[in-house]
Amino acid sequence: MATTLTDTATAVLLKDILHVDKVQVVRRPWSIDEVEYILIKENNPICHMTFDDLTPIEDRVTALRVAMRMSDGNNNQGE
């Protein structure tokens, strides 16, 4: 239960920070200490990242932002 709540809170936080439509959190039963984030914008997955449970949320956000900019460019004129 605590893991589900933590994953949900993290997904909401990432969605707000990264301005995407949806964040899917995937935990696989064979790797307990890994979590995958799939960022979705306009019904297209734009980024997949896998972290271990020890990675702080700040580092996860930074890594996801870098990956999005590498794939999407730095188009932040509106921000």
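Contact here means that heavy atoms lie within 4.5 Å of each other. The model is predicted, so local features need pLDDT of at least 70 and side-chain atom pairs count only at pLDDT 80 or more, while totals for chains, interfaces and linings use all residues. Residues are numbered from 1 along each chain as its sequence is written, and side-chain values use heavy atoms, with hydrogens and water left out.

Helices (H or I, at least four residues) and strands (E, at least two) are DSSP runs, numbered from the N terminus. Two strands pair if DSSP finds at least two bridges between them.

An open sheet is formed by 3 strands in the order β1-β2-β3, with antiparallel pairing. β1 (22-26) and β3 (44-52) are at the edges with a single partner strand each, so one side of each has no neighbour in the sheet. Strand β2 (residues 34-41) is joined to β1 by 5 bridges. Tyr 37 in β2 is the bridge partner of Val 25.

Tyr 37 is also one of the residues in contact with Arg 60, leaving aside neighbours within four places in sequence; the others are Val 35, Phe 51, Asp 52, Asp 53 and Thr 55. Arg 60 belongs to helix α2 (residues 57-72).

Relative accessible area is classed as buried (under 20%), exposed (over 50%) or partly exposed (in between), with a 1.4 Å probe and protein chains only.

| Residue | Relative accessible area | Class |
|---|---|---|
| Arg 60 | 7% | buried |
| His 19 | 46% | partly exposed |
| Glu 42 | 62% | exposed |

Most residues other than glycine have a negative phi. His 19, in the loop between α1 (2-18) and β1, has a positive phi of about 55°. Glu 42, in the loop between β2 and β3, has a positive phi of about 55°.
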